Every structure is written in C-alpha cells, then in structure tokens.
Amino acid sequence: MSKEKYITSSCIIAGQVIYKNGQPVFKCPATEPSEFLVSAYRHFALQYPKFHKMDNLAKLGWLANEVLLDGFDKEKYKPEDVGIVLSNASSSLDTDIKYYETVKSIPSPALFVYTLPNIVIGEISIRHQFKGENAFFIFNEFNAGFIEQYVSDLVNNNILQACICGWVEILGDSYKAALFLVEKDKTADSVIFTEENLNNIYQLHNG
Amino acid sequence: MTDIFISADNIISPVGFTTADNFQQLLKNVSGIKMHTGTAISEQPFYAALFENDQAFQNISEQSKYTRFEKLLIASISDALAKSKVDPADKRTALIISTTKGNVSLLETEEPSAELNKRISLNTSARLVADHFHFANAPVIVSNACISGILAILTGMRLIRSGRYDHAVIAGADVITRFVLSGFQSFQAISTSACKPFDANRDGINLGEGAGTMILTSRKEYSNGIKASAGSVSNDANHISGPSRTGEELNLAITRTMNAAGLSATDIDFISAHGTATVYNDEMEAKAINLAGLQSIPVNSLKGYYGHTLGAAGLIESVISIQSLKENTVIPTRGFGKMGVTQPVNVCSSLYKSELTNCLKTASGFGGCNAAILFGKE
C-alpha cells in the first residue's frame, strides 16, 4: 500500500531565477514579478494567449508548471488520474488588494475571479486537461510534511497516479514557486518522495 | 477503512445559532434572506442572508482582539465542542479551517501596510482561533473556492484515516462585505430577488454569511449516530469561472464517492446539491445527477434559506443534511417552483419524510472544482 513514490521533476522559481531539477534554466535579474514572469514566458517561447489575462499568482504557478512538465508524457495517464495539491502563505491577497482598488471606481470581474488561491489550479488543469483531485491549503511556510502525507495518501489509495504538488506564493515583490511532480515509477534523475527531499529541494534555492 | 463518525456539529447563521435552532427554523420555512437597502456595503439594494445583530458571537472575550470573522468561527467551534467529548488540547485532535475570504474586509477600512497584510493573513486568524481553544496542533487551512467546506471535511477524514489523528474539528466561515458583494455584482451573478434554485426563473445567487462546525472522530463511543463514509474532488479543466458544459467531472466526483463507500445509486436517499440558482450551475448539476443515475433521488438546495455562504456552505449544508438523516426529514428547496433545468431531477419542493440512511452532498466552485461527500447512519 505505501510503496515508494518518486519526485520525477521539480521546478523552483525564486530570486529572479528559474531552476528545473536543480539547474538554472532562466535568469532575469532586477525585475518586478510581473515583468519577470512575462520575460520567462517569452524566453521559453510559450504559446498560450490566456497567460496574459492571468494574475501574478496564476502566472507564477502556471509558468512553474510548464517548466516542471517539460518532457512529461501526460498520455501515460488518464485525465482523472492526475491531481494538483498546492499551498501558500498569502492566499490571493496580492490580487485581492488590486481588485479592491478597482472597487473604488468600477469593480473588475476579470480581477475578481482571481481573488481565490485555487484559480491557479484551475489554470493548470485547463492547460493540461488534468481532472483529478485538487486542493489548495494555506500555511505560514512550506509544510513539506503535510504535503507529503496528503499526496501520499491520494497516490497510495490509487485515487491519483501522478500529482503536481508544492508551493506558489506571491505578495507584492516577494514570490516563490516550488513545484514537484510525484509519480509511482522512478526515472534516471528522480529522488524518493519524502518530506526531507521536498525540503532539500525547496531550500536549495532560497530566493 | 477506518470508520469516521460525526461527534457534534453547529451552525451559526442568520437563521439560528445552533444546529437544532437552524433545523427547527427550516422546518418552519424561515429563511435568512432579506432585501437590504441603504447599507454600508452596497449603493444598490440586494438580497442576502446577513446577521441583523451579531449578539450570539459578539460576547466573545477579548473583543478587540478578534475580528467578526474570527468571532464567528470561535462561536461555532465553542458550541460544537461543548456538545462533544473531543478535547482540542489532545495531540490526536486536528483543527481544519475553511474559508474563501477570511478577513479580506480589513482592506475596506484599514490603511495598506505590511502589518495589515499580516492581520488579513488566514494564518493569523487560524492561529488566534487555535489558541483560543488551546489546540495542541497547528491548524490546517483549506481555501478552495466554494468547495472549501466539503474539502475541509474530506481532509479531516483523510487525516484520521492516515492514522495521524483520532479526531478533527472542522470549522468554516465567511462574512459578506463590500469586497465579496461587489465582485459577484460585477459578474452580474446576484439575483434580483430571493434565489430560486433549479427554477425556470432563476437569475442568480444570494450571498449569505455564517459559520459551521463539524467534529469528526474515529471513536464510536463519541459518535452521534452518523458516519462520514467517503468523498472525492475533481476538476472540470474547462473554465475558471463557468461550470462544465457536460457535468461529467462532478459526476466523476459523485461516482468515485459512491464507489469508495461501496454504495450504488439506489442506496442514496437524498442529495443536498450546491444549487446556487445561477442558470449554468444548476443546469450542470442536473446533468451530473443524471450521469450518475441519481435523477429519481430527491434533491434539495439550501441556498434559499442561507444564500451562498461560500467557505461555510459545505459545512452548514452538510450539518443540515446530517440533521435530516437523524430526523428522517428532507428540507424542501425554498424558492423552487417550476422546473428549470433540461435534465430531469427530483427537486424536493415540500417537506419529505421517509426513513433516510444515506445522503450525498455536492458542491462546485470557481477554478472548475467539484466535490462530493457521503454521510450515512451507522
């Protein structure tokens, strides 16, 4: 039942650098979050016009997921067998503040829809047609122990066969994403899915 | 699989301040929804279920320390704990908080600052609530749009089944202020009258405020006679603010839930739907109910009594459903008159008394999320 599971890919976005499996794949120093995210989108030559409508939290998570899944063969899985479990500290406060500014004149429905943290899960799901279990949790800081337990439970019970999990946080100029792809089969570069390995990868790039 | 029992519960709403109060009022067809004019939160008149006086939860100690949102949570948890033997200070008791917007209303009244951001943080509220009751464990916060309440209950079930905890106190709350109301108004999602779930003339939601608490336990001797047997979550992968066109993904959550509980369609005695009374939500739910083969099962929506209570909805509506099981009485769908969905569903429009064993509760929300959960008699 509790067979080992593996982190088969990771993506960290912190300190104006994007890392894939520990290696920097994009740098753009001294830029604001929104500029940085758009620069990265252009750098990777991504083609997804909806990206430009997203708020910064969704952009950050969506972009990290694109890097995370580069090389991932999603055809291996049924849509309902891939899930997404994310977390952060500030919920959607970054966009809540921006939305409330518009309430003073004309409330913006385009911003209001992003005043929920789980919208980033919806954006990733739409992009890749993932239909499995999803959840968004709020913690003071990255809670690798909780994420490991919650995701292991879903995979061990065959509710999911693969899961994207981790942390997507942004408030003002401060941001960090740390996404992990968890699967049942090991690959050449994979590490065992444990609390310790999650923390090691997360802390490697403290931006 | 470990059996999970309900130990105690509570609802604090404009309808009543205990589960029993709320259920009695619903039996009498009392709704919390009223037209509000000349309020501080909207220039236009609107229908919503709002507290007229906060008496039940204003008397909580250290008044200035807690916001209205936190007081609601504290009042609800207090009443549920008083009715249960579960001890918050026990290391085997988890605390799970469900909300969509928490203290966001502070943006409306306070000057922007780093301290304000910290005060708005759900982590701050959850810690204050946990400390109030001396919970041994740090709280877990679920914020997943309108399925937050069901997902929080399901998270509690999973934490207990993983063996880490024996008990889970799950509480959800949201308050309605300008922030939330203006957003739904900007979407043109607010009904011009009291909402009409599944009705041909439905034209949108009413918002509601309130809190609900459910205490889960693996100890049969703490049970009040009802079990939470299984639950499931899915995503439409279709649109961030509109429901699935087919209902297939809500159906996925429903069928996975029934399969996990080892039940078939004929075992379900009634469904407590999300039933927000928007054109698209109710239509999608009717499709999902048909795909799951549940079209003949009585289905209700409680939005006509409470409005849409957002992060509290899954809790409040589950607690009423549990009370329905205990009292063998399904509450009618207030506001429903003439069938207004294209697929046949058995909308419960008057008090329905029958021997009830199993209830399916569903919800769907922004971000394309769907959730289903099953409650049944022991």
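Q: How many of the 13 residues of α6(A) are buried, and which residues are they?
A: In this predicted model, 12 of the 13 residues of α6(A) are buried, so the helix is largely enclosed by the rest of the structure. The residues in question are A144(A), G145(A), F146(A), I147(A), E148(A), Y150(A), V151(A), S152(A), D153(A), L154(A), V155(A) and N156(A). Buried here means under 20% relative accessible area.

Q: Why do residues three or four places apart in an α-helix point the same way?
A: The general idea is that an α-helix has 3.6 residues a turn, so residues three or four places apart point the same way. In the present case, the buried residues of α6(A) include A144(A), I147(A), V151(A) and L154(A), and also E148(A), S152(A) and D153(A).

Q: What span is expected of helix α6 of chain A at 1.5 Å a residue?
A: Helix α6 of chain A, which covers residues 144-156, would be expected to span 18 Å, and the distance of 17 Å from its first C-alpha to its last is close to that value. After the helix comes N158(A), whose phi is positive, near 60°.

Q: Where does Q188(B) lie, and is Q188(B) buried or exposed?
A: Q188(B) lies in the loop between α8 (178-186) and β7 (207-208) of chain B, and this residue is exposed, with a relative accessible area of 71%. Its phi is near 55°, which is a positive value in a residue other than glycine.

Q: How many helices and strands does chain A have, and what does its radius of gyration say?
A: The secondary structure of chain A comes to seven helices and eight strands. Its radius of gyration is 16 Å, close to the 17 Å that the globule rule gives for 207 residues, so chain A is as compact as a globular protein of that length.

Q: How many helices and strands does chain B have, and what does the globule rule give for its 378 residues?
A: Chain B contains 12 helices and 16 strands. The globule rule gives 21 Å for 378 residues, and the radius of gyration of chain B, at 19 Å, is close to this, so chain B is as compact as a globular protein of that length. Its C-alpha atoms fill a box of roughly 50 × 50 × 40 Å along the principal axes, and 66% of its residues count as buried.

Q: Which share of the contacts in each chain joins residues at least 24 apart?
A: Among contacts between residues at least 6 apart in sequence, 78% in chain B join residues at least 24 apart, while in chain A the share for residues 24 or more positions apart is 68%.

Q: What can be said of the surface of each chain and of the placement of its charges?
A: Chain A exposes about 8,200 Å², 49% of it supplied by carbon and sulfur atoms, and the centres of its 18 positive and 25 negative side chains lie 5 Å apart. For chain B the accessible surface comes to about 12,500 Å², of which 49% belongs to carbon and sulfur atoms, and the mean positions of its 32 positive and 34 negative charges are 2 Å apart.

Note on methods: Residues are numbered from 1 along each chain as its sequence is written. Chains are lettered from A and ligands numbered from 1 in the order in which they are written. This is a predicted model: local features need pLDDT of at least 70, side-chain atom pairs count only at pLDDT 80 or more; totals for chains, interfaces and linings use all residues. Side-chain values use heavy atoms; hydrogens and water are left out. Helices (H or I, at least four residues) and strands (E, at least two) are DSSP runs, numbered from the N terminus. The radius of gyration is taken over C-alpha atoms; the globule rule is 2.2 Å times the number of residues to the power 0.38. Buried means under 20% relative accessible area, exposed over 50%, partly exposed in between (1.4 Å probe, protein chains only). Contact means heavy atoms within 4.5 Å. Accessible areas come from the Shrake-Rupley method with a 1.4 Å probe; for residues, only the protein chains shown count as cover. Lys and Arg count as positive and Asp and Glu as negative; His and the chain ends are not counted. The place of a charge is taken as NZ of Lys, CZ of Arg, CG of Asp or CD of Glu. The expected span of a helix is 1.5 Å times one less than its number of residues.
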